[in-house]
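Morning, everyone. I have one structure to go through today, and I will start with a term before turning to the chains.

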Amino acid sequence: MSTRTDQPDTTAGKTSPEKGASPMKSALSLLWIIGIAAVVAVPFVAPSLKLLFTFAMAKGLGVLGVTVLLRAGQVSFGHALYFGIAAYAGAFLMTAMPSTDFLIVLLAGVAGATLASIFVGLFVVRYRGIFFGMLNLAFSMIFWSILEKFYHYTGGADGIRLERPTVFGSALNFNDFGMILYYVLVALMVGLGWYTMRWFNSPVGNLFQTIKTNETRLEYLGVSPKRALLSGYVLSAALCGVGGVMMGMAQGVVTPEYVWWVRSAEMVFIAVLGGAGSVQGAFLGALIYEAVRTYASVYAGDVWQMILGGFLLIIILFAPGGLIGILESLFKRKSDKKGGGK
Amino acid sequence: MKTKIMKRTVSALLASAMPVVAFAADKPDSLKIGMTAFLTGPASVFGVPARDAAEIMIENINAKGGINGVPIEINFIDEGAGAEALTSEYRRMVQSGGAEVMLASISSGNCQTIAPLAEDLQVPNLMWDCGTQRIFEENDYKYVFRTQANATPEMLATVAYLLKTKPDFKTIAVVNQDYAWGRDSWDIFSTALKAMKPDVEVVAEFFPKFGSPDFSTEISRLQALQPDVILSTSWGGDLDTFVQQASQRGLLNTSTFVLPLAESSLERLGAALTDGHIVGARGDHYFLHPERRNDEDFQAFMKQYEEKTGDVSVYPVFHASQAIAALTGAYEKAIADNSVDWPSEDQLLAALEGLTFQGLGRPVTLREDNQGVEDQLIGTSVQTGEYPFATLENIMIFDGDQLTTPVGEISIEWVKTLDAGFVDAISFDQFDN
Amino acid sequence: MTDALLETRDLVIKFGGVTAADHVSLKIHAGRNLAIIGPNGAGKTTFLNICTGWLKPSQGQVLFEGRDITPLPPRKIVDRGVARAFQIPQLFTEHTALENLLIAVSARDKRRNTVMDMTQIPERAEMLHLLDMVGCADVADTVVVELSEGQRKLIDIAIALALKPKLLLMDEPTSGVASSEKHSIMKILIGALKEAEVTSVFVEHDMGIVENYADEVAVWNNGNMQLRGTPAEILEHPDVIRDVIGEVA
Amino acid sequence: MNLAIFLLALFDGVAYAALVFIVALGLTLIFGVMRILNVAHGSLYAIGAYATVSLTGYVLALGFAPVLAFPLMIVSAVLVGIAIGGPLEYFLLRRIYDKSEVLQLLVTFAVFMILEDVQRLVWGTQPYFDSSALQVLGNVSVFGVTYTAYQLILLPLIAVVLLLGMRFFLRRTVTGKLITATTEDREAAQSIGIDADKVFLFTFVIGAVLAGLGGALASPTTSILPGMGADMIVLSFAVVATAGLGQIEGAALTALMIGLGRSFAVYLYPEISVLVPYLIMVLVLLVRPEGLFGSPAARKI
């Protein structure tokens, strides 16, 4: 497999810790804090948006998984597999043992996704580029077919219900559970987002990201590129799993559509839209995507795909850094102006 | 301890945040309702006609002054945009869009998602088209009603018609879409057949994937096997492709096709669907309904619909008409029963219990488990030359009461208990065309 | 003298019709600097590739510290203490110079940490020192694609040094480096290697460098070593002047 | 399984493989030359089918003979190639050749989404069916099983002609050699004066015509409806990756494997027929990571 010279432009959202004007950085950090505060306030300020945010955060966690892989220059067209496996793991658990606790369901889902990713990962980490993407696609489609075929167990295309789990032992009503889910998602978003950023900067994360630029050198550092890729692959799948099982609980039902290839492509789509390689971009992208999709399908039912497609084209052609790139350049301009005034 | 505090905090927060829900019995300016349907994707062959029909019917109702002077305002949600978009838009419509009643949905999967959601949101939901029999057999619902039959009576009527018109067949093969409907309908059909005519041999079972563009291999095999009867509960493009390809290769001349959903494809199949095949309509739905075709309201609507869309009506149009008839019927009943200007939600729910209403077909009654009891129309295809496509002859309309799984029983278990006598005992009306 | 640090026995490899390694047998002893010279296409890089496991010979063996490493992949050979610098620098192009070294040292120490900021690892000072040594301290925080070819070569060598190898194989270490700096760099480099008791093999075209910094010189041609001796012996050999130096000049 | 059934399965498999190959051929050609995996290929396939049905319906309604359906297929395919493929390359893809594979793929995915809605706006959501072309050729009977001559004879014939034609074109004609040269080394090709832009445009149009032709040829046998492109593109991807990227002969062999695998599955174990393309892909790549006909790229260090 050749290391291509024109590697994916996924550094857009990456700000090297050493560089970058510090006023801009602090202004941006402030923006993120305001953003998180706004997300926390949504259920009270704009309850009608709560569900949109719930879905966006769950999907954003999945996109975060795809973002991890993009950092190694790899793109998977089958990561919905892990989104779906986790959701089904949760649903099967709830069916087998009703009134299981919410935390157990979450853990079961993530465990399912992680185990599956080790199994699939051992195979796919031998491949790069298009082959890597296509093999992931093949595995997700195989799982999809299995879900459809074994309909006695999986409910086929109709899927299976993921009953509302208990929360620390108490059965909650619909609205309370929705609230819990929402704030757990906020916590997961912040916590896992923070962890992923740390991971990117950590020794293991850096070794993983060198897959993108130079596997030869990596090999000559005494590191197995496959192992390095596997570490990120499993992380990415686990993140997708968190997103998937949370989405399953939010929806109350899981269907094979979770695994369908268009879902995988959609996650890559959102990752690039938000700013490929950027943690914040994953969530920002997911929010914008869900909003456009929801409102476009309501107000422009016939052309919502067209609107999304056009949106993506504009981003790629005119703002390759994605939404995060646009934000950063806005802040850069502002802080440059300030700097000039000194 | 911790959880208690948390729960209390959450509840307090909720209480302060939730808008006060008032059950205003005052007459609203308009009655807002929402309807989910496939406006995109393969199932839009059902969704788009249903939407067009609903729009016409509501226009007609509003032209006559609405319900007790209140006009109806309908908004649609595209089921084709995916489950998230569907549920979030459904919730938005109910929680902040002011929708009083929801009509959902076409997909059985979506019905399974939405039924508990409607219960949680406490919004009356009329399941207007989905076929799964599981909903009321697995759970009790207060807010969810089904204004049409489900898969069980639809399949039993087909079996009954087949046994009455072609009692001597020996072999059968099935070609169904590979998803829940295809599998479930075959489960019911084959179980019923085994119970009523145990000597029939199933020679092949095919479940090509949903949306399959090619059935050549299946058709080759069926030609080699030469079964007496070929069942397919497929619909839309899949059914069209299968029947067209089978017709091109002469399979329609050697086997009798049993197509419980073909009423919705008659126009598109044109000359491909030759004489002598069994066609169903998921209820008593047929644009030449033998009992209704001379009625003034029926004719007027058919004309309106054809002018608007250029097509003849198919069963989702009838299903939409039933849901809207149930809606108006329930409001009118609640208003009359309680002698109010406008009913509260509880009064509306009470009116829906046991309601009888009539759309474009025969009257439908809601049972105590909220399942509608709908009669079933089945016929045999014939190319008369009057239309550029097949119409029906030897039509039977079966009594829905006898075909519907008794309250509290599970369909498959109940169907297993039936026997050959069931077909003889069933009451039906017969029409030449 | 003790046993050889690296020994090859009868290495053969062919690419199509070309024999790139033609029964190569040689020993490299600890503590020595061996320069390999020879015309283009003589098989010098191929030899380094076989020694580091990148290419598998169709015949023959490579022994490191007396143990057969022929079937091992490069990373296993690196683990045994063989580092490599490349003719075309193999760097992590999206990382800064310092980060490149930090990644190398993380790999060397097998760091498994997933939360700690890599730039804060204890070896940071050591790596800064290494950068300083190769004269790249001022570009520590520059992303390496923005550096000159010469600087990238030096970073590439620094990465190899960061691994603290027992044997360092370098492919034209000073090509691309400004000629005014070549000697000072080599002086520091060889000094550091001697100090750390690292054995080295370097492919070199600049006879001035060979003359000044190699303990021994091996002459390559047609896929095999033709001559071996001290710089003085080799550089005055008429065949070498005709075939190698002549071509370079 | 007796010989008759074996042969029947073989016929069905070949007919199906022919169609898959024609679509995958365009995709693999574009990928081989331009290194772009074109998701919108599926849309071009669908639009080719829609255009054929509309044109045929229109022309036949004027009272012309049904045999005209055949030239109309070619007209539709060329129309798709020139009216959609051309502008797509010229105005859009040309701007992104310096971008990464992922971004290129996403651009075509965005185009795919847009074209999906365009199809719906133009042709609506109701399925179309027009089998005039197929009926012209009539049926053939083998072992008591009736096949349409169109599927049993014509489609495989066209596939073979296209395979041989493409080989001849790429190896024996000047334009073909220019394309091959550009494929192998774009910079070298440019340095000897080949106009890579023109080559790319030409290649993309040819690829798009092949997608349209696939749709046109499929149209008499199947319902034309929204979403048909999405299914085809996944299948074509599987073919292209299994074959080895840019490998035309590999695509033919893979299409055949998938076609036969699927039809034998229908005879022997229908439940796995859907899985066949993916299983073949995984198994082939397990043994040959570069695909059937792909060769490992040498890395210079």
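A residue counts as buried here if 20 or more other C-beta atoms lie within 10 Å of its own, with C-beta atoms placed from the backbone. Keep in mind that this is a predicted model.

With that cut-off, take helix H9 of chain D, residues 196-218. Of its 23 residues, 18 are buried, so H9(D) is largely enclosed by the rest of the structure. Its length also checks out: at 1.5 Å a residue the helix should span 33 Å, and its end C-alpha atoms are 33 Å apart, which agrees.

Now chain D as a whole. Buried residues account for 58% of its 301 residues. The chain has twelve helices and two strands. Along the principal axes, the C-alpha atoms fill a box of roughly 60 × 50 × 35 Å. A compact globule with 301 residues would have a radius of gyration near 19 Å, and chain D has 19 Å, so the two agree. As for contacts between residues at least 6 apart in sequence, 78% of those in chain D join residues at least 24 apart.

Next, the annotation. An unreviewed UniProt entry lists several spans of chain D as "transmembrane region", including 44-64, 70-93 and 199-218. In the model, residues 44-64 of chain D are 86% helix and 0% strand, with end C-alpha atoms 27 Å apart. For residues 70-93 of chain D the figures are 96% helix, 0% strand and 31 Å.

Which elements of chain D give two or more residues to the side that touches chain A? The contact itself takes 36 residues from chain D and 39 from chain A. On the chain D side, the elements in question are helices H4 (101-123), H10 (228-243) and H12 (276-287). H4(D) gives the largest share, 14 residues. By class, that side of chain D has 26 nonpolar, nine charged and one polar residue.

Last, chain C. It holds an open sheet of four strands in the order E2-E1-E4-E5, with antiparallel pairing. Strands E2 (18-28) and E5 (67-68) of chain C are at the edges with a single partner strand each, so one side of each has no neighbour in the sheet. E5(C) pairs with strand E4 (residues 59-64) of chain C over two bridges, in the antiparallel sense. There, C:Phe64 stands opposite C:Arg67 in E5(C).

That is what I have; questions are welcome.

Definitions and conventions. Residues are numbered from 1 along each chain as its sequence is written. Chains are lettered from A and ligands numbered from 1 in the order in which they are written. This is a predicted model: local features need pLDDT of at least 70, side-chain atom pairs count only at pLDDT 80 or more; totals for chains, interfaces and linings use all residues. Two residues are in contact if their C-beta atoms, placed from the backbone, lie within 7 Å. Ala, Val, Leu, Ile, Met, Phe, Trp, Tyr, Cys and Pro count as nonpolar, Asp, Glu, Lys and Arg as charged, and the others, Gly among them, as polar. UniProt positions are given in the numbering used here, feature names are shortened, and annotations may be inferred rather than shown by experiment. Two strands pair if DSSP finds at least two bridges between them. The expected span of a helix is 1.5 Å times one less than its number of residues. A residue is buried if 20 or more other C-beta atoms lie within 10 Å of its own, exposed if 12 or fewer, and partly exposed in between; C-beta atoms are placed from the backbone. The radius of gyration is taken over C-alpha atoms; the globule rule is 2.2 Å times the number of residues to the power 0.38.
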